[in-house]
Amino acid sequence: FFVVTYLSSKILRRSEHGQVLINMSCALLCLYVAFLVAGYTTSVPAMCGFSAALVHYFMLVYFMWTLAEAVFLYIKLVKVLGNNVNRFSLKAGLVSWLVPLGIVIISVGAGYQYYYNAKWHQP
């Protein structure tokens with residue numbers, strides 16, 4: 001409901017704060033969907049590992065958007081005068097969607113077996 005409301009309003013959609021909230025809500029929605037899908041993919045080891053990596057990724061993305069929201073509020077409320085970041089939403093978007101991808105790729109590369117454990121997932 002929140003995402004639909006923000007996407008339907010041009011004023012809310014164009015504000016930097018609105019863009020941060022839309023991305024944070026989309027990341028949280030993707031996390032919920034990935035978590036629900038993960039419950040149904042436990043019988044196939046490759047799918048179980050992939051869904052665990054997706055849950056890991058979207059959780060990190062949500063945390064990064066939470067950090068972006070905190071930085072945005074700090075800039076707007078504490079550093080009120082003269083400290084405006086150009087294209088904050090674009091910069092926050094690149095960092096918030098790409099840094100977690102790198103972390104998950106490194107984690108999967110270091111040990112895919114940690115994303116799937118036969119004791120946890122039984123067919």
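## Exercises on a predicted helical model

At 49% relative accessibility, Phe-50 falls in the partly exposed class. The model treated in these exercises is a predicted one.

**Exercise 1.** Determine where Phe-50 is found and why it counts as partly exposed.

*Solution.* Step 1: Phe-50 belongs to helix α4.

**Exercise 2.** Describe the elements of the protein chain and their order.

*Solution.* Step 1: the protein chain contains five helices and zero strands. Step 2: read from the N terminus, the order is accordingly written α-α-α-α-α. Step 3: of the contacts with a separation of 6 or more, 66% join residues 24 or more positions apart.

**Exercise 3.** Compare the span of α3 with the expected value, and list its buried residues.

*Solution.* Step 1: α3 has 25 residues, and 36 Å is expected at 1.5 Å a residue. Step 2: from first C-alpha to last, α3 reaches 37 Å, which is close to that expectation. Step 3: the buried residues of α3 are Gly-18, Val-20, Leu-21, Ile-22, Met-24, Ser-25, Ala-27, Leu-31, Ala-34 and Ala-38.

**Exercise 4.** Identify the elements and residues that build the largest nonpolar core.

*Solution.* Step 1: this core has 23 residues. Step 2: α3 (16–40), α4 (45–77) and α5 (88–110) are the elements that each give two or more residues to it. Step 3: the greatest contribution, 10 residues, comes from α4. Step 4: Trp-65, Phe-88 and Val-104 touch the most other members. Step 5: leaving aside residues up to four places away in sequence, Trp-65 touches Val-20, Asn-23, Met-24, Ala-27, Ser-89, Ala-92, Gly-93, Ser-96 and Trp-97.

**Exercise 5.** Examine the surface of the protein chain and the place of Leu-94 on it.

*Solution.* Step 1: buried residues make up 31% of the 123 residues in the protein chain. Step 3: Leu-90, Leu-94, Leu-98, Leu-101 and Ile-105 form a nonpolar surface patch of about 480 Å². Step 4: Leu-94, one of these residues, is located in helix α5. Step 5: the relative accessible area of Leu-94 is 48%, so this residue is partly exposed.

How values were computed: Residues numbered from 1 in each chain as written. Predicted model: local features only at pLDDT ≥ 70, side-chain atom pairs only at ≥ 80, totals over all residues. Heavy atoms only, no water. Core = buried A, V, L, I, M, F, W, Y, C linked by side-chain atoms within 4.5 Å. Buried < 20%, exposed > 50% of the residue type's maximum accessible area, 1.4 Å probe, protein only. Helix = DSSP H or I, 4+ residues; strand = E, 2+ residues; numbered from the N terminus. Contact = heavy atoms within 4.5 Å. Expected span 1.5 Å × (residues − 1). Patch = residues over 30% accessible without salt bridge, like charges linked within 9 Å, V, L, I, M, F, W, Y side chains within 5 Å. Areas by Shrake-Rupley, 256 points an atom, 1.4 Å probe, with all protein chains shown as cover. Salt bridge = Lys/Arg side-chain N within 4 Å of Asp/Glu carboxyl O.
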